[in-house]
Amino acid sequence: MGIRALFSIILLTLVLLESTSILYVFSQNIPSKIIYIYFPGSDMERVLAIVRDVYGNGSQVNVYTVEPDQDMDPLQYLYWLTTGAKPTGDLGSTTPYTLVNQSRVLVLWNSTGLVNNPFVDPSIHPYAFNPLFNASRKYIPPRIISLRANTSFYWDELGSDVNVNLSSNILTVEIVKHGYTWSLNTSLTNELTPPRILVLVNDTGMVSAGNYTMSFYVVNASADNITLFFPGSLEMSSGVSSGLNKIIQYTVQWFMVSREIVGRLPVDATAWWLNQTMMSLSNIANLFLANPNVTSILIYVPQMIILRNAVNGNPSTELVNAVYSGFKSMLLDISNAYKGSLLAVFSPGDKSGKGYLVTVGGSAQLDMVFTSSQLASLLWSTGSLTPVGSSILLKVIAEKNNEVNDLTSRLNELNITLSSQNQKINELNQELAACRSENTILNTEVTSVKTELEKAQSLYNQAYTYITLGIAVTLAITALIGFLVVKTVSRKQ
């Protein structure tokens with residue numbers, strides 16, 4: 001690696017990590033995650049407006065221009081980011097992960113979550129989601145259902161008859177064999193959402209057994225014609241690495257959007273379809289963010305490219321707005337749940353125009369213009385290739401922060417114990433004070449009793465003296481009388 005390339009990595013890393021990796025260590029605002037969002041085909045001004053709206057004036061939001069210096073389309077650029085090698089052949093395979101040396105992916109991204117990346121094998125990478133992985137019999141394909149009210153049709157992929165009934169604006173869809181029934185009031189809504197879980201206990205011959213979700217968009221509902229649109233559903237645990245929780249609510253994936261079906265749908269139904277794919281992506285992103293072992297993630301958002309391919313390059317404003325609306329919802333989920341995260345949304349640009357890099361939570365705005373190659377260097381510096389990758393730094397910081405939290409918790413417990421002991425001491429002191437008070441009272445009472453006793457003793461002594469004198473006098477008088485009597489008697493004789 002040359003000096004210029006190394007300088008580019010350091011400079012680009014500082015864009016996001018200045019005032020974070022070092023300064024955060026000395027503060028309590030430790031960033032919990034670094035989130036990169038690759039949003040090819042998006043407009044910088046629209047993305048910047050959404051980011052500012054979501055994160056508000058209290059966050060540092062920066063924007064940089066990216067000059068495309070590589071002759072690559074969005075998928076080729078993703079391949080380059082994922083593998084560190086420039087693509088040499090056709091990437092149009094339905095199983096693009098088979099074109100990749102997965103050991104290279106592990107070297108670059110072992111400690112980073114890769115979300116929605118078609119080039120990653122989630123059975124090898126510990127934290128990845130690839131909706132195309134072994135998906136051939138793991139999804140129920142989208143379809144348009146059109147029939148008269150109160151009739152039925154056979155759904156091949158489900159291996160079951162489906163009854164569709166309409167009564168007083170209440171539309172009911174019943175999957176007979178599996179015992180599921182869903183209803184909605186068409187006068188209030190044309191969406192059967194949130195999705196309902198359908199459990200296929202057995203392989204139907206076209207779709208593998210597993211957990212799927214069912215949702216519908218009502219295109220038309222009348223006695224003469226009911227037209228429902230089913231957006232498709234990927235099996236709920238499909239394409240997810242073993243290191244991640246697999247509870248997924250929304251399972252409508254971007255690869256299901258086809259030109260053939262879009263051409264037959266009204267704009268509002270297509271907009272709903274795109275929004276469902278964005279909700280699925282948001283669901284998956286939060287799955288990664290909730291994992292404490294994933295400190296940085298790279299999210300691939302292909303919806304704008306998919307949309308343009310589906311409508312031959314000229315999407316309507318309503319469809320474009322649907323993608324941006326879904327993107328905003330995803331950012332709202334991220335910002336609400338992970339306020340301390342660092343965010344970077346980017347598009348490298350292509351032959352049609354320049355790209356951009358929008359960051360949230362980094363340093364102050366710098367006067368810089370990046371190339372798409374430098375942008376790739378920034379992403380690689382986040383991964384596990386370098387010993388000081390930002391994901392590793394954040395993981396170390398997070399571990400130390402956990403230790404501090406544990407010690408703080410222990411200190412709080414000791415403070416509670418000390419407070420309890422102090423309370424017991426206060427109670428004992430109060431009891432001691434009460435005892436001392438009682439002792440004083442008792443001493444006063446004893447002194448009083450002693451005084452009374454002394455008085456009684458004095459009276460006793462006086463009485464004893466009086467009694468003794470009285471007896472002596474009595475005896476003397478008696479003796480004198482006796483003497484006189486004897487003397488008197490003697491004289492008479």
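Let's start with the largest pocket, which has a volume of about 1,100 Å³. Keep in mind as we go that this is a predicted model. How many residues line that pocket? There are 50, and Leu-75, Tyr-300, Ile-305, Ile-306 and Asn-309 lie nearest the centre. By type, the lining divides into 26 nonpolar residues, 18 polar ones and six charged ones.

Which element gives the most to this lining? That would be helix H7, with five residues. H7 spans 303–310, and at least two lining residues each also come from helix H3 (74–83) and strand E17 (355–360).

Now let's step back to the whole protein. You'll find 10 helices and 18 strands here. Of the 493 residues, 43% are buried. The accessible surface comes to about 25,000 Å², with 55% of that belonging to carbon and sulfur atoms. If we take contacts with a separation of 6 or more, 65% of them link residues 24 or more positions apart.

On to the inside. In soluble globular proteins, nonpolar side chains tend to be buried together. Here, the largest nonpolar core holds 65 residues. The members touching the most others are Ile-37, Phe-39, Val-51, Trp-273, Ile-299, Phe-327 and Val-345. Helix H6, residues 267–289, supplies the largest share of this core, with 12 residues.

Do take a look at Phe-327. Leaving aside residues up to four places away in sequence, Phe-327 touches Ile-37, Phe-39, Val-47, Ile-50, Met-278 and Val-345. Apart from this core lies another, of 33 residues, including Tyr-36, Tyr-79, Val-105 and Phe-370.

Terms used
Residues numbered from 1 in each chain as written. Predicted model: local features only at pLDDT ≥ 70, side-chain atom pairs only at ≥ 80, totals over all residues. Heavy atoms only, no water. Core = buried A, V, L, I, M, F, W, Y, C linked by side-chain atoms within 4.5 Å. Buried < 20%, exposed > 50% of the residue type's maximum accessible area, 1.4 Å probe, protein only. Helix = DSSP H or I, 4+ residues; strand = E, 2+ residues; numbered from the N terminus. Contact = heavy atoms within 4.5 Å. Areas by Shrake-Rupley, 256 points an atom, 1.4 Å probe, with all protein chains shown as cover. 1 Å grid on protein atoms, 1.4 Å probe; cavity = no way out; pocket = protein on both sides within 12 Å on 5 of 7 lines; lining within 4 Å. Points joined across faces, edges and corners; volume = space filled by probe spheres on them. Nonpolar A, V, L, I, M, F, W, Y, C, P; charged D, E, K, R; others polar.
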